[in-house]
Structure formats: C-alpha cells, structure tokens
Amino acid sequence: MRNDIRFGLCAALIATGLSAQAETVAVSAAKLIDVASGKVIERPVVVISDERITAVGPAASVTVPADAKRIDLPNLTLLPGLIDMHVHLTAEATIGGYNSLLYTDSFWTAVGTKNAKKTLEAGFTSVRNVGSSHFDDVGLRQAIDEHFVPGPRITTATYALSATGGHCDETYFPPSMNQTSPAVGDSPDELRQRVRWVHKYGATVIKICATGGVFDHGASVGAQQLNLEEIKAITDEAHMEGLKVAAHAHGAAGIADAIRGGVDTIEHASLIDDEGIRLAKEKGAYLSMDIYNTDYTQAEGKKNGELEENLRKDREIGEAQRENFRKAVKAGVKMIFGSDAGVYPHGDNAKQFAVMVRYGMTPLQAIQAATVTAAKALDQEKNVGQIQAGKFGDLIGVTGDPLSDVTTLEHVAFVMKGGEVVKNEVR
C-alpha cells in the first residue's frame, strides 16, 4: 500500500510538472480544409496546447496567446492528420514468400520502427495495424506512446484469428514442422477464448480471417473459412469488451456472413456482390478496399520472392476489386481508407487516393475516407479526424489544392502530431 501511495504521488508530481511546461503552438497557413464539409478557410490559425487544439479559424477571429510559439506555413493547405485503417507496420514489402524465413523473429520489430517513422512522415498520424505476430505491434505502439521512437497512433490487432489452415494460420510449412498460429480456433468457444487472449495482451481491435487470401499458400482467395456461428461468437465477445472487429474477406459468401455476424469493417471486399453491398448499407458496415497495391505487387512481387500462385490470384481479383469499389461507392456504402501497406512499401500509403478517385470517388470523398469517416469507424471521433477544438493537434500541410488534385497528398511538406512538429520542409 505504501509503495502504491508513493507511486501515485510521484506520478501526480510528474504530471503536474509536464502540464506546467506544456508548450502552446500557433500554426498559420494559406488555407485549411474543413474535411467534414469541404469548405476552405482562408488564412487560418490553429492553436494547440498540451497536445490538443484549443482554437481554430480565420486569423482575424482567433486570439493567439502571447507566449505561443508561431509556425507560419504561408504557401500550404492544412488538413487533419490522415488515418490508414489497414496497415502491417511489422511487414516489409520487399521481403516476400519464403524469404521472410531468413530473418529471426525480433527482426520484424526493428523493421516496424522504420516503417512507423516513414508512415508518420507521409502524413498518416493514426493507423490501424491489422495483424502482427509475437505482439510486435503492441511493443511498437508502446515505444511510440512513450516517445522512444517516432510513429503514428496505432490501434493494434496483434494476431489475427483464423480457422486451422485458414488465411491467418501458418500455411507455408510441411506437417513435419507443425507450425500453427496461436490464434487459431475451430469452434465458437475456441474463438471466444482467442478474443480474450489477444485482448489480454494488447489487442485494441479484433482482426479475423473470414475467407482465404491472396498471399497464403494453397487456398482459394474467396473461399469462406469461418462460418456464421463462429463469426457471431467472435463479434459478441469483442463487442462485450468494447472492441471493434475487422474481417479479412474477399469472397462474396464470407463477406455476407461477416456482415450478418456483426463485423464492423470488411477488409479487401474484393468479390463483394449486390447482396453484400445491400447488407453493408443495411447494417452500417464499413468497407476498407485496398485498390492501389496490385500495381506494386504485379510490378515487384516476383523480385521480392512472392510465389507465382499468389501473384496469379492477385492478378485475377485486382480489377474485379476495383470495379466493385466503384459499385459500392455509387451505392452509398460507408468507405474507409485502408492501403494494406506492408504488401507495398510503407510511406507510399497516399498513392491510393488517386486510384480511389479514378474508380468513382470525388477527391473530398477520398479525403473523408481517411479522416472523418475513418475516425468514426475507429470510434475515435473525439480525438482525430478533423481540425477542431478538443481534438489532437494532428495536422498535415500540402502545396496545392487536394480538393482538385488529390495526388498532392503524396507529397506532404508538413506533419504535426499532438502539437509536435514531425516534418517541416518549409524553409
């Protein structure tokens, strides 16, 4: 008890000291985009104190504290920090197939620190890491939160839940090696237990593999691998714990059962059909469709070591996924930005915006998918997704007008996370 009291007093003193030293920052720019409405504010000022925005508006309407540090970005347009809802920070695109076995387990945590920095400097201040072995993503999140390494805010899935032999099991090994993911379950009760287990050790979102995938060995990309009863058990358990559920699902039947089973976001959704689109609208599920990365995997996958059978599957579904993205957008399904970075290089996340626009979105809709809509899907609207008083001071600055040319987001000149400058190429 005495040690608990001593610890509490120390923590309170430290917190008080940090609060007293909190810096106030005032960021001015040429323009600011209100991503919720699409309106543009000329000559804005954003005031940030103790990580959070305290005021925002046209310069003439904002009172800047006398002691505020001023950052002037006279030629830039400000947007909120971007959100990528589907990344694998501890994966490396250039190491594919069996090449990954050349490296020891802890190698991937070190890779994650590099990728986290590149992702943040690309303007993505929040990400959802949907699958990582050995709880590497939890360690990376903790290191970032404690300021040991730079990186975005991370929502961590840890291990993805799978059926035996499913997409998120270990499928590259012969029986003599007997490699099995610890998150495998083959009944509703087993999968409930796996939800509890990954949550115990740091999962803040639950990822499941409802169908086969592109980059697994020996499975059809669209084949359903978890049944409706199993999916319901997972979502019931996760929602009871206050966790969202993301389902890897390429095939139409698996997508439909995932939505019926209460999943919050569908990842990939490559072969979604009219029923799946109807269910997504009816149930309010979000689609996270990674429609850029086929360009990279087809160009570089063989060199990186990907198996030919997987590159073939990638070719077969790539254009179908893009056309189904177009259909879902036209139908009014809620769409979120998910790149699957790790399949292609981290830091290039924003290359997907142009593909989203090419396949039916307006630039504003594409930006909203990575800001306000993503924040809502994360259940983090109070913290991220807009430049608004009370939210974290997560800002990016670009040259030009992303509402007319979304490729400007591929070249971010300024990044701020929680009021701290991460990148500033304005000199």
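User: Which strands form the open sheet, and in what order?
Analyst: In this predicted model, 3 strands make up an open sheet, ordered 6-7-8, and their pairing is parallel.

User: Which strands stand at the edges?
Analyst: Strand 6 (82–87) and strand 8 (153–156) do; each has a single partner strand, so one side of each lacks a neighbour in the sheet. From one strand to the next, the twist averages 15 degrees.

User: How many bridges link strand 7 and strand 8?
Analyst: Strand 7, residues 124–129, pairs with strand 8 over 4 bridges in the parallel sense.

User: Which residue of strand 8 is opposite valine 127?
Analyst: Isoleucine 154 in strand 8 stands opposite valine 127.

User: And which helix packs on the sheet there?
Analyst: Helix 3, which covers residues 136–145, packs on the sheet and touches strand 7 and strand 8. The direction of helix 3 makes about 155 degrees with that of strand 8.

User: Back to strand 8: which residues lie on its two faces, and are they buried or exposed?
Analyst: Arg153 and Thr155 are on one side, Ile154 and Thr156 on the other, and all are buried, which leaves both faces of strand 8 covered. One of these residues, threonine 155, stands opposite arginine 128.

User: What is the handedness of the crossover between strand 7 and strand 8?
Analyst: The β-α-β crossover is right-handed, with the chain passing from strand 7 through helix 3 to strand 8.

User: Changing topic, how many salt bridges does the structure hold?
Analyst: The structure holds 19 salt bridges. One of them joins the side chains of glutamate 237 and arginine 192, at 3.2 Å from N to O.

User: Where in the chain do those two residues sit?
Analyst: Glutamate 237 belongs to helix 5 (residues 228–240) and arginine 192 to helix 4 (residues 188–200). They are 45 residues apart, and the pair thus links distant parts of the chain.

User: Is glutamate 237 buried or exposed?
Analyst: Glutamate 237 counts as buried because its relative accessibility is 2%, under the 20% cut-off.

User: What about glutamate 316 and arginine 312?
Analyst: Their side chains meet in a salt bridge of 3.1 Å, N to O. Both residues lie in helix 9 (residues 308–331), and because they are 4 residues apart, about one helical turn separates them.

User: Which residue does arginine 326 meet in a salt bridge?
Analyst: The side chain of arginine 326 meets that of glutamate 323, at 3.2 Å from N to O. This pair is also in helix 9, with 3 residues, or about one turn of the helix, between the two positions.

User: And how accessible are they?
Analyst: Arginine 326 is partly exposed, at 35% relative accessible area. Glutamate 323 counts as partly exposed as well, at 34%.

Note on methods: Residues numbered from 1 in each chain as written. Predicted model: local features only at pLDDT ≥ 70, side-chain atom pairs only at ≥ 80, totals over all residues. Heavy atoms only, no water. Pairing = 2+ DSSP bridges. Axes fitted to C-alpha atoms, helices over the stretch in contact; angles between N-to-C directions. Contact = heavy atoms within 4.5 Å. Buried < 20%, exposed > 50% of the residue type's maximum accessible area, 1.4 Å probe, protein only. Right-handed = clockwise from strand over helix to strand, strands pointing away. Salt bridge = Lys/Arg side-chain N within 4 Å of Asp/Glu carboxyl O.
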